[in-house]
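Here are my notes on this one, as numbered points. Have a look at the model first, then read on.

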Amino acid sequence: MKILSLIASRRSPGNSEILVKQASNAAQKAGAEVETINITDLNIASCEGCLACVFRGKCREEDQMDTLVEKLIQADGLIVAAPIYLLSPASVIKKIMDRALMMSLYIDDMQGRRRGSLNMTVAGKADWNPIGMEMMNQFALSFGFPVYNYREAYAPGPGEILLQDDLMEDVASLGAGLVSYLRGETEPRPPEPNQCPSCYSRSVRLLGENKIQCPFCLVEGTLENNHINIPQEVLNDAFWTPQHRKRHLEDWIKATRGRYMKNREAVKQKLKDFS
């Protein structure tokens, strides 16, 4: 069993690094093989939306993303933590998640395996962490890891997380729990009544009357007495499910090529006139 642990903070020793190491050590003691990487140390370019990963089978950026993707594919479990500086996780999370289209080519390689993630955030205060966990869960899901559990922590100063004994014990328990989950011995965290049962989001898009949509994984359902209700058949086709990703790849992303080729000359002329 392989677990890949990712630190998304430039600060060392920082609270995110401490949480990752606490969970990783517990997972290792429980029998997992763990590799830890600080993703801020990697040379990862921003995605420019060229779609070479889809149409050529390889990203044209000469950076370390291919190496990271290979490790993500090989891993059964993911442990990741990031600081919250302004409303959502540190920018390296979004930069790497923007490159996740590369994973569409490996969906079949990941199917039939029990995979899961433990996602953690650290913020100074809850007011500044409105969608931190939502984004971290999307990060894991975009790379093919269903959410086993998550943990939101609060400590403004570097290393102050170590002063919270109960939290540190809980994080160690979650690290060991991820191993149990990957072995099929336990189930993922049950969602709260006000959470999307697919991605644990606490945000909803109001569609009129009592209809709602999760703005993160796009499932639709109803909101009744502060309870989010999503039919099981809808959950089975949520955005990050393998079948949905395959359909999105074939029916939307690959289809854009033909449409663009038809419009390319007109676009070139418009660009010439625009400049």
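1. Which residue in β4 is the bridge partner of I84? That partner is P89. Two bridges join β3 to strand β4 (residues 88-89), and the two run antiparallel. They make a hairpin with one residue between them, and L87 in the turn has a positive phi of about 75°. For the record, strands are DSSP E runs of at least two residues and helices are H or I runs of at least four, both numbered from the N terminus; two strands pair if DSSP finds at least two bridges between them.

2. A word on the source. This is a predicted model, where local features need pLDDT of at least 70 and side-chain atom pairs count only at pLDDT 80 or more, while totals for chains, interfaces and linings use all residues. Residues are numbered from 1 along each chain as its sequence is written, and side-chain values use heavy atoms, with hydrogens and water left out.

3. Back to β3 (residues 77-86), which is mostly covered, with eight of its 10 residues buried (under 20% relative accessible area with a 1.4 Å probe, protein chains only). Strand β1 (residues 2-7) runs parallel to β3, joined by five bridges; in that pairing, L6 has V80 of β3 as its partner. β5 (residues 116-123) is also parallel to β3, through eight bridges, and P83 stands opposite V122 there.

4. Now look at N119, in strand β5. Its relative accessible area is 0%, so N119 counts as buried. The N119 side chain has polar contacts with the side chains of S117, at 3.2 Å, and N137, at 2.9 Å (N or O pairs within 3.5 Å, one able to donate a hydrogen and the other to accept it; residues adjacent in sequence count only if both atoms are side-chain atoms). Leaving aside neighbours within four places in sequence, the contacts of N119 (heavy atoms within 4.5 Å) include V80, M133, Y150 and R151.

5. Last, the largest pocket, which holds about 730 Å³ of space. Of its 29 lining residues, L141, P146, W240, T241 and P242 are the closest to its centre. The elements giving two or more residues to the lining are α5 (107-110), α8 (232-235) and α9 (242-253). By type, the lining divides into 16 nonpolar, seven polar and six charged residues. A pocket here is an open set of points on a 1 Å grid where a 1.4 Å probe fits, with protein on both sides within 12 Å along at least five of seven lines; lining residues have an atom within 4 Å of a point. The volume is the space filled by probe spheres set on the points.

Conventions: Nonpolar A, V, L, I, M, F, W, Y, C, P; charged D, E, K, R; others polar. Buried < 20%, exposed > 50% of the residue type's maximum accessible area, 1.4 Å probe, protein only.
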